[in-house]
Amino acid sequence: MRVPASSVLFEQLALPLLPALYSHAFWLSRNHAEAEDIVQETIAKALRAFSSFQTGTNFKAWIFRILRNTFLTSRTGIAASRTVFLEDLADLLEVTDTNPSPEDHLLRLNNQAALTEALERLHPQLREVLLLCEVEELKYKEIAIVLDIPVGTVMSRISRARRTLYEDLRQQLGGSV
Amino acid sequence: MIQDHKHLSHDEASAFIDGELSASAALDLEQHLTTCHSCTMLIVSAMQLKAATARAYERVVAPPEALSRLAAQLRPDAAKRPARVSFGLWAWGALAASVILVASFIGWRQTRQSNNLAAELLDQHLAVLSSGAPPEVISSDRHTVKPWFQGRLPFSFNLPEVLPDGTTLNGGDLTYLHGQPAALLLFNIGKHRASVFLIQRSRNGSASVSSGSQSGFVIQYAKTQDLGITAVSDVNPSDLALLMSALVEAQSPR
Ligand SMILES: [Zn+2]
């Protein structure tokens with residue numbers, strides 16, 4: 001069994017990530033069949049591009065980026081990208097933060113259903129960044145690689161995602177504790 | 001609130017709870033928190049929200065058949081390996097949990113070039129973990145496992161009557177090492193998996209035990225009069241050594 005070292009390395013790097021890639025593809029597409037297609041295409045693209053991958057750099061961020069680009073060119077992804085670009089929504093999303101009293105910050109977060117609803121309503125691009133942060137536990141600079149945006153934008157997008165969730169919860173739950 | 005410290009922004013609060021602030025910025029922020037109730041509440045609520053989000057958003061578990069197809073796509077040489085078709089979720093759980101595998105792979109590539117047998121062993125150990133296929137004989141009962149190998153191998157071996165605490169036998173499989181038939185025994189040691197290979201050895205030299213550690217994996221070798229025993233695992237070496245000595249012990253003539 002003689003296979004090129006690079007394909008052996010690729011397999012060794014990619015295999016442990018399959019569950020994460022699948023999960024992320026599912027979260028993006030919301031469809032099991034499509035998730036598998038996306039991961040399959042991601043693997044094919046990543047294999048072809050593997051020679052451009054620098055050993056020692058972050059493989060997970062690299063392959064997640066390929067996954068994301070694959071999603072964007074997929075059926076669901078094209079539909080999703082027709083929605084307004086996030087940065088254009090800045091004003092709408094800006095949370096009316098009129099100096100709340102300290103205790104206003106605390107929400108009843110034991111209401112899982114309310115949180116799930118709020119997550120569902122989250123703008124897909126905000127959901128995406130939260131997933132990379134909370135589920136995949138990527139660092140901001142890795143998320144920046146995946147999304148191809150500056151680290152500062154990652155930070156503000158995550159923060160915006162959280163404020164949006166928080167505002168949604170506050171409205172759903174009728175105020176704070 | 002101290003005059004020369006402004007309240008933290010939402011971006012800063014987010015970066016802080018994600019561990020993304022520089023050490024000095026985090027220190028400044030912590031100092032501000034000791035005096036500012038409002039910002040402390042902001043951080044507390046952000047941490048609660050983060051934890052709740054992580055609970056609500058869990059990794060979606062892929063159907064085993066989908067993972068199987070995707071894994072097969074990773075290895076164009078799959079046909080040359082022993083066929084392992086079905087996926088067991090137990091192995092994927094173990095794989096997802098073993099971040100150590102990822103960390104150790106790059107180092108492993110160098111190892112495999114310098115040490116063929118160790119590379120072959122580790123490949124097989126990883127193949128078992130990643131394929132998730134149940135072993136040919138699935139049993140924790142040595143009375144089932146041992147006879148299964150009879151007639152399938154040109155040698156015989158004994159299994160210990162009692163395994164070390166926390167160690168269980170999951171089953172066994174036939175395999176080949178350097179073209180020689182071998183028994184592969186699969187154990188769980190706590191939450192770790194261990195693959196143990198038994199192979200016939202020529203009757204020269206004395207019994208001995210040695211061990212090494214490669215790329216985060218422990219590989220331990222033992223020779224008995226008739227057998228070469230090799231164990232591969234990411235478990236702590238002393239736990240693996242207990243299993244090895246139980247196996248060596250079981251081979252000695254009574
Ligand atoms: Zn403050």
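Me: In this predicted model, where is A:D148 found?
Reply: A:D148 is exposed, because its relative accessible area of 55% is over the 50% cut-off. As for its place in the predicted chain, A:D148 is in the loop between α9 and α10 of chain A.

Me: What is the phi of A:D148?
Reply: Most residues other than glycine have a negative phi. A:D148 is a residue other than glycine, yet its phi is positive. The value is near 60 degrees.

Me: What share of the contacts in chain A with a separation of 6 or more is between residues 24 or more positions apart?
Reply: Chain A has 177 residues, and buried residues make up 55% of them. Among its contacts with a separation of 6 or more, residues 24 or more positions apart account for 70%.

Me: Which residues have the most contacts inside the largest nonpolar core?
Reply: The largest nonpolar core has 66 residues. This core draws at least three residues from each of domain 1 (1-80) and domain 2 (101-176) of chain A. Those with the most contacts inside the core are A:F10, A:L18, A:V39, A:F59, A:W62, A:I63 and A:I143.

Me: Which residues does A:F59 touch, not counting residues up to four places away in sequence?
Reply: A:F59 is among the residues with the most contacts inside the largest nonpolar core. With residues up to four places away in sequence left out, A:F59 touches A:F10, A:L13, A:A14, A:L17, A:F50 and A:F53.

Me: How many residues are in the other core, the one with B:F157 and B:L243 among its residues?
Reply: This core lies apart from the largest one. Its residues include B:F157, B:F187, B:A222 and B:L243. The number of residues in it is 26.

Me: Where is A:L119, and which residues of chain B does A:L119 touch?
Reply: A:L119 has its place in helix α7 (residues 112-121) of chain A. Its relative accessible area is 4%, so A:L119 is buried. Within chain A, it touches A:R127, A:L130 and A:L165, leaving aside residues up to four places away in sequence. In chain B, A:L119 touches B:T53, B:A56 and B:Y57.

Me: How far apart are the C-alpha atoms of A:L119 and A:R162?
Reply: Along the chain, A:L119 and A:R162 are 43 residues apart. A:R162 is in α10(A), one of the residues there that meet α1(B).

Me: Are helices α10(A) and α1(B) roughly parallel or roughly perpendicular to each other?
Reply: The axes of α10 (residues 151-172) of chain A and α1 (residues 10-17) of chain B come within 8 Å and cross at roughly 100 degrees. Angles of 65 to 115 degrees count as roughly perpendicular. α10(A) and α1(B) are therefore roughly perpendicular.

Me: How many nonpolar, polar and charged residues does the contact of α10(A) with α1(B) have?
Reply: From α10(A), the residues are A:M155, A:S156, A:I158, A:S159, A:R162 and A:R163. They meet B:H10, B:D11, B:S14, B:A15 and B:I17 in α1(B). By class, the contact has 4 nonpolar, 4 polar and 3 charged residues.

Me: How far apart in space are B:I229 and B:R201, C-alpha to C-alpha?
Reply: B:I229 is found in strand β7 (residues 227-233) of chain B and is buried, with a relative accessible area of 0%. Leaving aside neighbours within four places in sequence, its contacts include B:V196, B:F197, B:L198, B:M244 and B:L247. B:R201 is 28 residues from B:I229 in sequence. C-alpha to C-alpha, the two are apart by 9.5 Å.

Methods. Residues numbered from 1 in each chain as written. Chains lettered and ligands numbered in written order. Predicted model: local features only at pLDDT ≥ 70, side-chain atom pairs only at ≥ 80, totals over all residues. Heavy atoms only, no water. Core = buried A, V, L, I, M, F, W, Y, C linked by side-chain atoms within 4.5 Å. Buried < 20%, exposed > 50% of the residue type's maximum accessible area, 1.4 Å probe, protein only. Domains from an automatic or database assignment. Contact = heavy atoms within 4.5 Å. Axes fitted to C-alpha atoms, helices over the stretch in contact; angles between N-to-C directions. Helix = DSSP H or I, 4+ residues; strand = E, 2+ residues; numbered from the N terminus. Parallel < 35°, antiparallel > 145°, perpendicular 65-115°, else oblique. Nonpolar A, V, L, I, M, F, W, Y, C, P; charged D, E, K, R; others polar.
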